[in-house]
Every structure is written in structure tokens, then in C-alpha cells.
Amino acid sequence: MHANQRTRTFIAVPIEPPRGLKKLMQKLEQLGSAVRPIPVDQMHITLKFLGPTELDDIMPISSILKTMRTEFPRMKLAFKGLGAFPRVERPNVIWAGISDASVLTEMAEFLERETEKLGYPRERKGFHPHLTLARVKAKPPQDLFEILRDRENAEWGEATVDTLKFYQSELKTERAHYHEMQTVKLAAR
């Protein structure tokens, strides 16, 4: 296949951040241009990053998501903790943790198995569920380190996960733009 017959994709669960995280996001927005919060309407937890995806694989991947509709129930996620990648002393990504991510881990493993059959490699680092809150693009102000330290074990509230989305990601300018290619509602149980 030619390079122009591919698109960059990933599969995720969209998240409407709970009130506690929305308040934190307001604090992060006040830290200046070095800290770039993720727009609330783009918040998600990535289950599987596919990367360059053959256009011929779009329909088989869509079928995998439709199968997940009956395999996995709607759930509530409780957000707890605050951290940074690669580490708090040198943050590039600010994230909120998840108290019990066992169902998300099962979903990610299901996607690893099924997309591997289509030729997509398994994630080398494994699945580490988190909600990205902000990206750090320059030396952050000292206030960020205080927020990270003071809220390391904070409880942020819950969010309902009832949807899976298959996204196309376009790298334009400084931010990625996400386009929904498919939305699948999870079953209520």
C-alpha cells in the first residue's frame, strides 16, 4: 500500500472529567504557556494506539469495536492521584490516575489480541491507564511542582465510561486534531 493510503488512528474511551479534575484543569490553565491543558472535549484514555493504519483495515477494526459492545459493560471510573511522565521532577505529561482500571486493562488486552491478528504490533511498554491532563512544553513554573506534590494522592471523582471511539489523529500545527471515525456504545448490565 502507498503511504497516502494510510491514516494515523487509535482507539479510546472518551472521558467527561469529574468536577474535581475540572477544577484542577483551571489551576493548570493559570500556569502560563509552558503548561498546555488538554481541551476537555478531547479528553480520553487511549486503549490502543494503532499508528499508521491501512485503509483496508478500517472495516475489520470497526468490527472489533462492534464486538466489544457486547463483551464489555458500561462502567464508572474513579480518578485518584496525580503524576507526571517521565517523572515528577521532569514532567512532560501531567496525568490523573485511576483507582481500579481492571476493566480498561481487559479492554486493552482484547484490542492487543485482535489487532495483532491484523498485523499491528503489541504495545512494548504495556498498558498504563491514565488520563492525560496537560502537556509541558517548556520549563514549568514552580507552582506546577507544588500542585503535583500536594495532590499526589487526591481523589478527583468519578466518570462514566459508556462509549468506545475509533479516532483518526492528524498532526497539524502544535496540537493533534482528532476525528471520530466510529462510536460504539457499551451495553448496560
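Reply:

**The active site and its surroundings**

Pro86 is placed in strand β4 (residues 75-87), strands being DSSP runs of E of at least two residues and helices runs of H or I of at least four, numbered from the N terminus. A cis peptide bond, with omega about -5°, joins Phe85 to Pro86. Most peptide bonds are trans.

This is a predicted model, in which local features need pLDDT of at least 70 and side-chain atom pairs count only at pLDDT 80 or more, while totals for chains, interfaces and linings use all residues. Residues are numbered from 1 along each chain as its sequence is written, and side-chain values use heavy atoms, with hydrogens and water left out.

An unreviewed UniProt entry places the feature "active site" at His44 and His130; such annotations may be inferred rather than shown by experiment. Although spread over 87 residues of sequence, the two cluster in space, with a largest C-alpha distance of 9.1 Å.

His44 lies in strand β3 (residues 44-54). His44 is buried because its relative accessible area is 14%, buried meaning under 20%, exposed over 50% and partly exposed in between, with a 1.4 Å probe and protein chains only. Beyond four places in sequence, His44 touches residues including Phe10, Pro14, Leu131 and Tyr178, a contact being heavy atoms within 4.5 Å.

His130 is found in the loop between α3 (102-116) and β6 (131-136). His130 counts as partly exposed because its relative accessibility is 22%. Among the residues that His130 touches beyond four places in sequence are Phe85, Ile45 and Trp95; Phe85 is also the residue joined to Pro86 by the cis bond.
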